[in-house]
Amino acid sequence: MLDFKDATGSAIMDIEELAKEVIIDEVHNLLLEMVQMYFTKYWRRLKGSNVTYIRQTIALLKALNKFMQSTTTDSNTWVVSVNEFLTLAHANHINVYKIDRYLRESKLGRKLNMFSG
């Protein structure tokens, strides 16, 4: 296991923990970019309700991004409920259960695969 060391020689973080942190930090950015690219390309072909749900998904991902950037804790690990997260991220006007249902029924994840390569 590789360790990063500070100037005094103390281990700061092992490489596995750093990789996990980088992956979690970048996944929501990548997903936001892919949804925005999809929306930009296809928004004129979508029904009004689909446009609404995709815009709410983008707003939710932006709130997640802002929340992740602004949140710093001692342990870097903590658990919050969905409602608590939405309140802390100032996104409690978004119904995540409707978005979840929309994402499952529309299979948007499959459609975003073409933007990942």
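The second largest pocket of this predicted model is lined by Leu31, Val35, Thr57, Leu60, Leu61, Val96, Ile99, Asp100, Leu103, Leu108, Gly109 and Leu112. On a 1 Å grid over the protein atoms alone, a pocket is an open set of points where a 1.4 Å probe fits, with protein on both sides within 12 Å along at least five of seven lines, and lining residues have an atom within 4 Å of a point. The volume of this pocket is about 180 Å³, taken as the space filled by probe spheres set on the points, with points joined across faces, edges and corners. By class, the lining holds 9 nonpolar, 2 polar and 1 charged residues; Ala, Val, Leu, Ile, Met, Phe, Trp, Tyr, Cys and Pro count as nonpolar, Asp, Glu, Lys and Arg as charged, and the others, Gly among them, as polar.

At least two lining residues each come from helix H1 (15–42), helix H2 (48–70), helix H4 (96–106) and helix H5 (108–112). H4 supplies the largest share, 4 residues. Helices (H or I, at least four residues) and strands (E, at least two) are DSSP runs numbered from the N terminus. The chain contains 5 helices and 2 strands, in the order β-β-α-α-α-α-α along the sequence. Residues are numbered from 1 along each chain as its sequence is written, and side-chain values use heavy atoms, with hydrogens and water left out. Local features need pLDDT of at least 70 and side-chain atom pairs count only at pLDDT 80 or more, whereas totals for chains, interfaces and linings use all residues.

Of the 117 residues of the chain, 27% count as buried, where buried means under 20% relative accessible area, exposed over 50%, and partly exposed in between (1.4 Å probe, protein chains only). The largest nonpolar core comprises 26 residues, and Tyr38, Ile54 and Leu112 have the most contacts inside it. H1, H2, helix H3 (82–88), H4 and H5 each give two or more residues to this core, with H2 giving the most, 8 residues. A nonpolar core is a set of buried Ala, Val, Leu, Ile, Met, Phe, Trp, Tyr and Cys residues joined through side-chain atoms within 4.5 Å.

H2 has 23 residues and spans 33 Å from its first C-alpha to its last, close to the expected 33 Å, a value given by 1.5 Å times one less than the number of residues. The buried residues of H2 are Asn50, Val51, Tyr53, Ile54, Thr57, Ile58, Leu60, Leu61, Ala63, Asn65 and Phe67.

Leu112 is part of the pocket lining and, leaving aside neighbours within four places in sequence, is in contact (heavy atoms within 4.5 Å) with Leu31, Met34, Val35 and Tyr38. Another lining residue, Gly109, is placed in H5 and counts as partly exposed because its relative accessibility is 46%. Gly109 and Val35 are 74 residues apart in sequence, with a C-alpha to C-alpha distance of 9.1 Å. Among contacts in the chain between residues at least 6 apart in sequence, 51% join residues at least 24 apart.

The loop between H3 and H4 contains Ala91 and His90. Ala91 has 1% relative accessibility and therefore counts as buried, whereas His90, at 66%, counts as exposed.

Most residues other than glycine have a negative phi. His90, although not a glycine, has a positive phi of about 55 degrees. Lys107 likewise has a positive phi of about 55 degrees and is not a glycine. Lys107 lies in the loop between H4 and H5 and, at 44% relative accessibility, counts as partly exposed.
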